[in-house]
Amino acid sequence: MAAYDLSTDKMYGHIKVNKNRTTFLEFCRYLRSLYPPDVRIAIVLDNFSPHLSTPRDARVGDWASANNVELAYVPTNASWLNRIESQFQALRYFTLDGTDHRSHEEQNSMIRRYIIWRNRNAHDKTLREVVKRANVA
């Protein structure tokens, strides 16, 4: 799971075995902890099922209402509207393309190391070019 803060140009990520509503809610709580409670934050979401609040399980929606969080969904088949998608393109370019990791742990380590590097080198020329190319596509 990952988030991209437009105001600070930082990426945050948690690697989880399961991606369900419970782990998504945990990640949302983490994101909320990064900002003072009186600052309203918006979390832009695609239509991946753990993001959706349903009549059967409204935990995410209820939590957002109680914690000064707005959940903003991009339309179906419009993931290009979500600014994190170009950041994922860069992650794939720098971390996953042309690799053959021996294990999930090794791959997860590379992803974590990339996020740390990316946040320290947000103005790297190659990184900016990959992100820009993904934003145009």
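So, the surface: the accessible area of the chain comes to about 8,900 Å², and 52% of that belongs to carbon and sulfur atoms. Bear in mind that what you're looking at is a predicted model. Of the 137 residues, 33% count as buried.

On to overall dimensions. Along the principal axes, the C-alpha atoms fill a box of roughly 45 × 30 × 30 Å. The radius of gyration is 16 Å, which agrees with the value near 14 Å that a compact globule of 137 residues would have.

What's it built from? The chain has five helices and four strands. Reading from the N terminus, the order is β-β-α-β-α-β-α-α-α. And if you take contacts between residues at least 6 apart in sequence, 60% of them join residues at least 24 apart.

Now the inside. As a general point, nonpolar side chains in soluble globular proteins tend to be buried together. Here, the largest nonpolar core has 15 residues, and the ones touching the most other members are L31, I43, W63, V69 and L71. Which elements give two or more residues to this core? They're helix 1 (21-33), strand 3 (41-45), helix 2 (59-66) and strand 4 (69-73). Helix 1 supplies the largest share, five residues. There's also a second, separate core of nine residues, and its members include M11, A90, L127 and V130.

Let me stay with W63 for a moment. If you ignore neighbours within four places in sequence, W63 is in contact with L25, C28, R29, R32 and V69. W63 is also one of the buried residues of helix 2, along with V60 and A64. Those buried residues fall within an arc of 100 degrees when you look down the axis, so they line one face of helix 2. They pack against helix 1 and strand 4. Turn to the other side of helix 2 and you find D62, S65 and A66 exposed.

Just after helix 2 comes N68, with a positive phi of about 60 degrees. Most residues other than glycine have a negative phi, which is my reason for pointing this one out. N68 sits in the loop between helix 2 and strand 4, and at 22% relative accessibility it counts as partly exposed.

Where else does a positive phi turn up in a residue other than glycine? At D9, where phi is near 55 degrees. D9 is in the loop between strand 1 (2-5) and strand 2 (10-13). Buried or exposed? D9 is buried, because its relative accessible area is 15% and the cut-off for buried is under 20%.

Last stop, helix 4. This one covers residues 104-120, so 17 residues by the DSSP run, and from its first C-alpha to its last it reaches 24 Å, close to the 24 Å expected at 1.5 Å a residue. Which of its residues are buried? N108, I111, Y114, I115, R118 and N119. They cover an arc of only 125 degrees around the axis, which puts them on the same side of helix 4. The general idea is that an α-helix has 3.6 residues a turn, so residues three or four places apart point the same way. On the other side of helix 4, E105, R113 and R120 are exposed.

Okay, that's my tour. Over to you for questions.

Technical notes:
Residues are numbered from 1 along each chain as its sequence is written. This is a predicted model: local features need pLDDT of at least 70, side-chain atom pairs count only at pLDDT 80 or more; totals for chains, interfaces and linings use all residues. Side-chain values use heavy atoms; hydrogens and water are left out. A nonpolar core is a set of buried Ala, Val, Leu, Ile, Met, Phe, Trp, Tyr and Cys residues joined through side-chain atoms within 4.5 Å. Buried means under 20% relative accessible area, exposed over 50%, partly exposed in between (1.4 Å probe, protein chains only). Contact means heavy atoms within 4.5 Å. The expected span of a helix is 1.5 Å times one less than its number of residues. The arc is that of the directions from the helix axis to the C-beta atoms. The radius of gyration is taken over C-alpha atoms; the globule rule is 2.2 Å times the number of residues to the power 0.38. Accessible areas come from the Shrake-Rupley method with a 1.4 Å probe; for residues, only the protein chains shown count as cover.
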